[in-house]
Each structure stands twice: as structure tokens, then as C-alpha cells.
Amino acid sequence: MSESLTLAQVAEHKTVENGLYIIIDGSVYGMASFADEHPGGAKILKRVGGKDASKQFWKYHNESVLKKYAPKLKVGTVKEEAKL
């Protein structure tokens with residue numbers, strides 16, 4: 001399943017109860033099922049829930065981590081929004 005989500009839609013999923021979505025380089029990942037498994041702890045994921053976590057992700061991970069988990073966790077991409 002891959003859908004196109006607005007930033008507002010991603011922001012609605014800022015808690016585990018609401019799906020805990022994060023954005024990494026324009027892709028949206030559902031982290032609710034992974035939060036308790038995250039080696040750095042669920043607290044870190046909850047802090048960036050509903051937001052772009054690209055900077056934080058790349059600070060601590062490399063591309064192999066994304067390749068390993070993306071197939072299971074990716075729910076879509078961020079929709080381009082018109083800029084007025």
C-alpha cells in the first residue's frame with residue numbers, strides 16, 4: 001500500500017495510537033508497530049511523530065537500515081503542496 005499524503009495528514013499521526021507516522025526524505029513510514037522494537041527506544045520515535053525526521057534519522061542510521069525496514073514500514077509519500 002502506498003498513498004500520497006499531505007503534511008497535515010502526516011501530522012495527524014503523531015502518536016502511537018494514531019499510527020505514528022514519520023517522514024524520511026519525502027517518504028512516510030508507519031512506526032507504531034515498530035516503536036517498541038526500536039533499538040533507541042520508543043521515546044525517540046514519539047518525539048518525531050507526525051514530522052519530518054530525516055535529519056535525526058541520518059544522524060544515527062545509514063542507508064542499509066532504511067533498505068531493511070522500508071518494505072515493511074513505508075505507507076506512502078508526501079504529496080507536493082501548492083505554494084501560494
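Guide: Let's look at helix 4, where Leu66, Ala70 and Leu73 are buried (under 20% relative accessible area with a 1.4 Å probe, protein chains only; exposed is over 50%, partly exposed in between). Looking down the axis of helix 4, these buried residues fall within an arc of 90°, so they line one face of the helix; the arc is taken from the directions of the C-beta atoms as seen from the axis. The face turned away from that buried side carries Lys67, Lys68, Pro71 and Lys72, which are exposed. Keep in mind that this is a predicted model, where local features need pLDDT of at least 70 and side-chain atom pairs count only at pLDDT 80 or more, while totals for chains, interfaces and linings use all residues. Residues are numbered from 1 along each chain as its sequence is written, and side-chain values use heavy atoms, without hydrogens or water.

The cover over the buried residues of helix 4 includes strand 2, strand 3, helix 3 (54-60) and strand 4, with contact meaning heavy atoms within 4.5 Å. Helices (H or I, at least four residues) and strands (E, at least two) are DSSP runs, numbered from the N terminus.

Two of those covering strands are partners: strand 3 (residues 27-30) and strand 4 run antiparallel, joined by 3 bridges (pairing takes at least two DSSP bridges). Here valine 28 has glycine 76 of strand 4 as its bridge partner. Strand 4 (residues 74-78) also pairs with strand 1 (residues 3-5), in the parallel sense and again over 3 bridges; serine 4 is bridged to threonine 77 there.

The largest nonpolar core has 15 residues, and Ile22, Ile24, Tyr29, Met31 and Leu45 touch the most other members. Such a core is a set of buried Ala, Val, Leu, Ile, Met, Phe, Trp, Tyr and Cys residues joined through side-chain atoms within 4.5 Å. Strand 2 (21-24), helix 2 (42-47) and helix 4 (63-73) each supply at least two of its residues, and helix 4 gives the most, with 3. Apart from this core lies another, of 6 residues, including Leu5, Tyr21, Ile23 and Val75.

Helix 4 matters to one more feature: it provides the largest share, 5 residues, of the lining of the largest pocket. That lining counts 21 residues in total, with His38, Ile44, Leu45, Phe57 and His61 nearest the centre of the pocket.

Note on methods:
1 Å grid on protein atoms, 1.4 Å probe; cavity = no way out; pocket = protein on both sides within 12 Å on 5 of 7 lines; lining within 4 Å.
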